[in-house]
Amino acid sequence: QVQLVESGGGLVQAGGSLRLSCVASGRTFSVYNVGWFRQAPGKEREFVAGTSWNGGSTYYTDYADSVKGRFFMFRDNSKNTVLLQMNSLKPDDTAVYYCAATYSGTRTNWGTNDMDYWGKGTLVTVSS
């Protein structure tokens, strides 16, 4: 079992930055693929960024096209934590952001159905 708790959401003006944090329970956090997803009002939940464990000491990091070059994901296994640094925020980035995890031992496709554990989410609002 993995429990995930997100924090760091809030209200920011367009062009600003926020850093989201996701802290996970469990002693084997390092072998889990962990991703960030978001869900805007009236829209489906979508992938934002994620890190996949490749079975060795390397992690793949993937980003949705809509956030490439603006969002950056970091992982600290010693603290069971992943961070999402969000820069140059746009009103379209407004959503509830969720942290999710799964164990697969390989690169994840990052579909919502691929994930086994979810946090409760943190709201990010970007004003124009």
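**View 1. Pairing of strands β3 and β8 in the predicted model.** In this predicted model, strand β3, which covers residues 18-24, runs antiparallel to strand β8, residues 81-86, and the two are joined over 6 bridges. Within this pairing, L20 has L84 of β8 as its bridge partner.

**View 2. The open sheet that contains β3 and β8.** Four strands make up this open sheet, in the order β1-β3-β8-β7, and their pairing is antiparallel. The edges are formed by β1 (4-7) and β7 (71-76), each of which pairs on one side only. On average, neighbouring strands of the sheet are turned by 15° against each other, with direction ignored.

**View 3. The hairpin of β4 and β5.** Strand β4, residues 33-39, is joined to β5 by 5 bridges, and the two strands run antiparallel; in this pairing W36 stands opposite A49 of β5. The hairpin that they form has 6 residues between the strands, and G42, which lies in the turn, has a positive phi of about 75°.

**View 4. The hairpin of β5 and β6.** Strand β6, residues 59-63, pairs with β5 in the antiparallel sense over 5 bridges, and A49 has Y63 of β6 as its bridge partner. Between β5 and β6 there are 5 residues in this hairpin, whose turn includes G55 with a positive phi of about 95°.

View 5. Strand β5 spans residues 46-53, and because 7 of its 8 residues are buried, the strand is largely enclosed by the rest of the structure. A49 of β5 stands opposite W36 and is also the bridge partner of Y63 in β6.

Technical notes
Residues are numbered from 1 along each chain as its sequence is written. This is a predicted model: local features need pLDDT of at least 70, side-chain atom pairs count only at pLDDT 80 or more; totals for chains, interfaces and linings use all residues. Side-chain values use heavy atoms; hydrogens and water are left out. Two strands pair if DSSP finds at least two bridges between them. Axes are lines fitted to C-alpha atoms, for helices over the stretch in contact, and angles run from 0 to 180 degrees between N-to-C directions. Buried means under 20% relative accessible area, exposed over 50%, partly exposed in between (1.4 Å probe, protein chains only).
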